[in-house]
Amino acid sequence: MEQGRRHRIRHRIQAELLRLRRHRILWIRAALVSAFVLLNAVPVSRDLFDTVTLRTERAAEIVNQLRAALHIDSDVQVAAVLYHPLVFSVEPLDKARDHFVLSMEINFLLKLDDEELYAALAHELGHVWVYKHFPFLQTERLANSIALRVVPRESFESLYMKLWTYERAAGVPMDDLLGPKENGNSTNAVLSAAPP
Ligand SMILES: [Zn+2]
C-alpha cells in the first residue's frame with residue numbers, strides 16, 4: 001500500500017518534469033538560477049547597488065535618445081534583472097504595443113561600455129520597430145538593420161564578441177547578423193527611420 005502510493009507520487013513528479021521540460025524549460029532555468037543566486041546571496045554591497053542603478057539610469061537615457069532617433073513613439077521602460085534567458089530582451093506589455101519592457105541581465109549590463117550599451121539597446125529598439133511595423137517579421141538581422149541606422153557597425157561587433165564570451169557560445173558569422181560590410185563606409189549612423 002505504502003509502496004504503491006510512493007510509486008504513484010514518483011510517477012506524477014516524473015510526468016510533471018517531462019511536461020515542464022517540454023514547455024517551460026527556460027522559465028524553470030530562470031527560476032533555478034534566481035533561487036541559486038538567492039541561496040548564495042552575499043549581502044549586496046552599496047557600491048554594486050549604486051553601479052547597477054547608475055547603469056540602469058544611463059540605459060534609460062540612451063533608450064530615450066534612440067527612440068527619438070528611430071521615431072519610436074512607444075514607451076519603453078528598462079529593467080535590470082538577475083537573469084533573462086536571452087540576456088537582453090524586449091517584450092510588449094499591451095496589445096496595442098504602446099508599452100514595452102526592456103530587460104537587461106545585470107552581469108552582462110555591467111560588462112558593456114557606453115558604445116556597446118548603445119548597440120545592445122538599439123538592437124532591442126529594432127525589435128520594437130518591427131513589432132510596430134506589420135508585416136515585418138522578427139529576426140536578429142532585421143532588428144540590427146534598424147539599429148545600424150543609428151549605431152556604428154563596430155559597436156555591434158564588439159558587443160557580439162562580449163555576448164558570445166558571456167554565454168560561452170561559439171557565435172555565428174558577423175555578416176549573418178549585420179549584413180555584408182560596406183567598403184569605405186564604416187559608420188552608417190545616419191539618423192533616419194525609413195523601412196529597410
Ligand atoms: Zn534580438
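Strands β2 and β3 form a hairpin with 6 residues between them. In the turn, Arg97 has a positive phi of about 60 degrees. The model is predicted: local features need pLDDT of at least 70, side-chain atom pairs count only at pLDDT 80 or more, and totals for chains, interfaces and linings use all residues. Residues are numbered from 1 along each chain as its sequence is written. Helices (H or I, at least four residues) and strands (E, at least two) are DSSP runs, numbered from the N terminus.

β2 covers residues 88–92 and β3 covers residues 99–105. The two pair in the antiparallel sense over 5 bridges; strands count as paired if DSSP finds at least two bridges between them. Glu91 stands opposite Val101 in β3. β3 also pairs with β1, in the parallel sense and over 7 bridges. Here Ala79 stands opposite Ser103 in β3.

Axes are lines fitted to C-alpha atoms, for helices over the stretch in contact, and angles run from 0 to 180 degrees between N-to-C directions.

α3 (residues 46–69) and α5 (residues 114–132) also meet each other: their axes come within 10 Å and cross at roughly 55 degrees. α3 is therefore oblique to α5. Angles under 35 degrees count as roughly parallel, over 145 as roughly antiparallel, 65 to 115 as roughly perpendicular and the rest as oblique. The crossing of α3 past α5 is right-handed; that term applies if the near helix is turned clockwise from the far one by less than a right angle, and left-handed if anticlockwise. α3 contributes Ala59, Ile62, Val63, Leu66 and Arg67 to the contact, and α5 contributes Leu117, Tyr118, Leu121, Ala122 and Leu125. Residues are in contact if their C-beta atoms, placed from the backbone, lie within 7 Å. By class, this contact has 9 nonpolar, no polar and 1 charged residues. Ala, Val, Leu, Ile, Met, Phe, Trp, Tyr, Cys and Pro count as nonpolar, Asp, Glu, Lys and Arg as charged, and the others, Gly among them, as polar.

α5 packs against helix α6 (residues 140–147) as well, with axes that come within 7 Å and cross at roughly 110 degrees. α5 is therefore roughly perpendicular to α6. The crossing is right-handed. Residues of α5 in this contact include Ala119, His123 and Trp129, and those of α6 include Leu142, Asn144 and Ile146. The contact divides into 9 nonpolar, 4 polar and no charged residues.

Helix α7 (residues 153–167) packs on α5 at an angle of about 90 degrees, with the axes 8 Å apart. This makes α5 roughly perpendicular to α7. Glu115, Glu116, Tyr118, Ala119 and Ala120 in α5 meet Ser155, Phe156, Ser158, Leu159 and Lys162 in α7. The classes are 5 nonpolar, 2 polar and 3 charged.

Overall, the protein chain has 8 helices and 3 strands. Their order from the N terminus is α-α-α-β-β-β-α-α-α-α-α.

Definitions and conventions
Two residues are in contact if their C-beta atoms, placed from the backbone, lie within 7 Å.
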